[in-house]
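Subject: Structure for you to look at

Hi,

Here is the structure I said I'd send over.

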Amino acid sequence: MPSNTEKFRTVRIGLAGLGNVGMGVYKNLEANGGLLRERTGCHLQVTKISVRDPKKPRDGKVPASLFVGSWQELVADPQVDVVVELIGGTTEAFDLVSAALRARRPVVTGNKALLAERGKELFALAEANRVPIYFEAAVAGGIPIIQTLQEGFVGNHIRSIYGIINGTCNYILTRMSQAGLSYETALDEAQKLGFAEADPTLDVGGWDAAHKAIILASLSYGFWIKPEDVFVQGIDKVSLTDMSFADRLGYTIKLLSVIRADADGKVEVRTQPSLVSKSHVLANVGGAFNAVLVNGDIVGETLFYGKGAGQDPTSSSVISDIAEAAATLVYGSRHSGFVPHGLYGKSKPVDETVSNFYVRLTVEDTPGVLAQVAKVLGDRGIGISSVIQPEDDGSDTTSLILMLDDATLRTIREAINELKQLACVREEPSCMRVETLGS
């Protein structure tokens with residue numbers, strides 16, 4: 001009679017990269033191996049790990065016999081069934097994934113930059129070789145949003161997606177809002193706690209979230225959005241002054257990724273600091289957590305919430321993909337990963353996107369200033385829904401807060417450029433979108 005382990009098919013995993021997430025994948029595969037065997041019918045075994053320096057001292061729990069010095073050796077091994085790419089970047093990672101697909105090995109990756117910038121090429125290669133790419137960990141860490149879009153919403157037209165999908169920025173903005181910390185102090189705190197990298201540029205500049213938004217948009221609307229067609233603005237210019245005025249107006253500020261199609265099928269994809277009503281559920285997503293709000297024409301609004309980063313949440317998504325790849329290899333019962341779809345969509349030029357806007361001006365505290373500002377806006381057909389001007393504090397300048405009606409980004413940009421030329425405007429204007437998110 002076969003032993004308990006003999007009745008399970010072994011699926012051999014080649015792990016490229018043993019950084020924070022890679023270590024989490026190895027550790028959690030070992031810890032929950034029994035559970036995975038019972039649920040998948042497969043014994044998921046890491047048989048090779050490619051690292052830059054195999055002789056570098058590492059956690060003794062990882063056998064040195066697993067290490068190889070190059071991903072080429074890992075991919076070339078005929079005993080490796082599934083290749084897991086966790087080295088990051090877009091150049092070497094592209095070569096690694098391409099080689100694995102040509103070798104007809106299923107690929108698991110959490111590399112959002114790679115997929116956003118070169119996904120069109122990789123998925124074409126995957127289709128040509130009839131082998132899937134799995135990428136649940138590329139968006140929102142431990143939240144299973146990729147599989148949900150691919151399977152749970154398969155019968156829905158996606159009307160819109162609004163996402164808080166960068167935990168670093170959400171932590172910083174939460175601390176600024178709730179604790180009154182400056183941007184610099186909140187960033188420093190995030191770095192000390194491990195929520196932000198030593199070089200946080202990709203996160204605070206907005207591109208980490210933008211890469212994720214490109215992936216979500218491609219799944220939702222059937223074509224690859226070019227990075228140059230995406231509007232991206234980071235959080236480094238958000239001030240405590242803006243936080244305070246947003247609060248007075250009933251809003252909080254979030255780095256929000258917006259994906260939606262208009263009536264003509266043009267898709268806008270953008271990531272920027274936005275004012276979100278404090279009554280909306282997304283306004284209450286705090287700390288390093290992520291949330292994705294999906295609106296489908298059949299299901300309506302559905303919210304997904306959870307930890308968006310970190311070793312364990314991200315490795316959970318990687319392991320989910322490994323299990324899916326293994327089940328498909330062994331049983332052939334399901335085909336997940338990217339499902340090719342028709343190139344029927346088109347990007348909406350960002351200058352044509354429309355929303356309400358918040359504008360803060362630092363102006364001379366003299367009569368007639370509001371009239372000058374209103375004329376610039378009125379000449380472009382931009383309506384003012386409300387104005388806040390703080391009480392006189394005795395200085396020669398004051399803040400002028402304007403909540404503006406719907407306008408295109410092009411019109412707002414033109415107006416801001418003209419406002420900057422007014423002699424009464426003393427500093428660079430602050431301008432952010434005000435998102436209308438419904439219920």
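A quick word on naming: helices (H or I, at least four residues) and strands (E, at least two) are DSSP runs, numbered from the N terminus. This is a predicted model, so to speak of local features pLDDT has to be at least 70, side-chain atom pairs count only at pLDDT 80 or more, and totals for chains, interfaces and linings use all residues. Residues are numbered from 1 along each chain as its sequence is written, and side-chain values use heavy atoms, with hydrogens and water left out.

R130 is in the loop between helix 5 (112-128) and strand 6 (133-134), and its phi is near 55 degrees, a positive value in a residue other than glycine. Most residues other than glycine have a negative phi. R130 counts as exposed, at 77% relative accessibility. (Buried means under 20% relative accessible area, exposed over 50%, partly exposed in between, with a 1.4 Å probe and protein chains only.) R104 also has a positive phi, near 60 degrees. You'll find R104 in the loop between helix 4 (92-102) and strand 5 (107-109), and R104 is exposed, with a relative accessible area of 57%.

Aromatic rings

Rings of Phe, Tyr and Trp (its six-membered ring) pair if their centres lie within 6.5 Å; planes under 30 degrees apart count as stacked, over 60 as edge-to-face and the rest as tilted. That rule gives five aromatic pairs. In one of them, Y171 and F195 have ring centres 4.9 Å apart and planes at 45 degrees, so the pair is tilted. Y171 sits in helix 7 (residues 167-179) and F195 in the loop between helix 8 (183-192) and helix 9 (201-204), so the pair links distant parts of the chain, 24 residues apart. Y171 is buried at 9% relative accessibility, whereas F195 is partly exposed at 35%.

Another pair is F289 with Y305: centres 5.1 Å apart and planes at 5 degrees, so this one is stacked. F289 belongs to strand 11 (residues 289-296) and Y305 to strand 12 (residues 300-307).

Charges over rings, and R433

A charge sits over a ring if NZ of Lys or CZ of Arg is within 6 Å of the ring centre and within 35 degrees of the ring normal. R118 lies over the face of F94, 3.5 Å from the ring centre. R433 has its charged end over the ring of F231, 5.9 Å from the centre. R433 is part of strand 17 (residues 430-434) and counts as buried, at 3% relative accessibility. Leaving aside neighbours within four places in sequence, the contacts of R433 (heavy atoms within 4.5 Å) include R270, Q272, P273, V350, F357 and L409.

Helix packing

Which angle do helix 1 and helix 12 make where they pack? Helix 1 (residues 20-31) and helix 12 (residues 311-331) pack at about 65 degrees, with their axes 8 Å apart. (Axes are lines fitted to C-alpha atoms, for helices over the stretch in contact, and angles run from 0 to 180 degrees between N-to-C directions.) Among the residues making the contact are V21, V25 and L29 of helix 1 and V318, I319 and I322 of helix 12.

Cheers
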